[in-house]
Amino acid sequence: MSAIKLENISKIFPPEKKGLFSPATGPSFQALKDINLTVNQGEFFGLLGPNGAGKTTMISILAGITRPTSGSASICGFDVTSDYRNSRRALGVVPQEIVYDPFFTVRETLRLQSGYFGLRNNDDWIDEVLHNLGLSDKNDTNMRALSGGMKRRVLVAQALVHRPPVIILDEPTAGVDVDLRRSLWEFITRLNNEGHTILLTTHYLEEAEALCNRIAMLKSGEVVALDTPAALLEHAGTGDLEEAFVQIMRAKN
């Protein structure tokens with residue numbers, strides 16, 4: 001059984017409305033075009049593409065935030081639409097945006113997140129997550145008082161608090177310091193070695209090359225390349241993944 005499976009997934013956004021009672025104007029937008037993609041259990045999988053390629057739309061479909069126009073998607077065999085309770089329980093997502101509740105401390109935030117999944121007495125695992133993300137000394141700090149980098153660490157902790165078998169990291173190290181980047185990858189690599197499946201989107205191509213077993217490249221809602229980092233480099237005739245990425249994007253114009 002695959003960890004993530006997308007079959008013939010397409011997503012078309014209708015024309016925008018300028019006001020609540022105004023008619024929709026302008027063209028529709030197709031964010032994803034007949035995507036077929038399988039991520040194996042225990043794999044560290046990279047998803048690369050320029051802004052607007054459809055990466056976040058794909059993640060939103062897997063997380064149940066957006067419904068596909070056509071096709072099906074599943075997490076650990078659970079359909080994200082018809083079996084959404086089990087699919088969401090199997091998934092942890094670290095979003096790009098820093099979103100938090102300003103009324104709680106770090107530990108209260110993680111306890112509340114645990115409660116969403118019916119987990120009681122989860123403090124031992126919370127302590128371990130806090131330790132591995134360098135948040136132990138922020139345990140009783142209100143979320144409002146944290147720096148941007150620390151808030152991002154809490155987002156990672158929230159995604160991991162219910163120990164999901166599949167973890168999606170959507171630009172997790174964007175704008176964070178080197179120390180967090182290093183500690184995050186050490187912890188995530190450990191979880192991957194323990195059997196967790198990781199799906200990573202990043203603009204730091206050196207991260208993808210160093211961490212990922214396979215990489216899919218998206219452009220304009222389509223998968224334009226899918227292989228191991230070594231095979232992608234060999235195909236492009238270069239030893240630099242960034243150069244290979246540029247070549248593949250240009251070739252698909």
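## Exercises on ring pairs and strands

Both F44 and W185 are buried (under 20% relative accessible area, with over 50% exposed and partly exposed in between; 1.4 Å probe, protein chains only). The structure is a predicted model, in which local features need pLDDT of at least 70 and side-chain atom pairs pLDDT 80 or more, while totals for chains, interfaces and linings use all residues. Residues are numbered from 1 along each chain as its sequence is written, and side-chain values use heavy atoms, without hydrogens or water.

**Exercise 1.** Determine how many aromatic pairs there are and describe the geometry of each.

*Solution.* Step 1: apply the criterion, under which rings of Phe, Tyr and Trp (its six-membered ring) pair if their centres lie within 6.5 Å; planes under 30 degrees apart are stacked, over 60 edge-to-face, and the rest tilted. The count is two aromatic pairs.

Step 1: take F44 and W185. Their ring centres are 6.4 Å apart and the planes meet at 55°, so this pair is tilted. F44 belongs to strand 3 (residues 44–48) and W185 to helix 6 (residues 178–193), 141 residues apart; helices (H or I, at least four residues) and strands (E, at least two) are DSSP runs numbered from the N terminus.

Step 2: take W125 and F187. With centres 6.5 Å apart and planes at 40°, this pair is also tilted. W125 lies in helix 4 (residues 123–132) and F187 in helix 6, so the pair ties together parts 62 residues apart in sequence. W125 is buried at 6% relative accessibility, and F187 is buried at 1%.

**Exercise 2.** Identify the ring over which the charged end of K11 sits, and the ring over which that of R181 sits.

*Solution.* Step 1: require NZ of Lys or CZ of Arg within 6 Å of the ring centre and within 35 degrees of the ring normal. Step 2: for K11, the ring is that of F13, with its centre 5.1 Å away. Step 3: for R181, the ring is that of Y204, with its centre 4.2 Å away.
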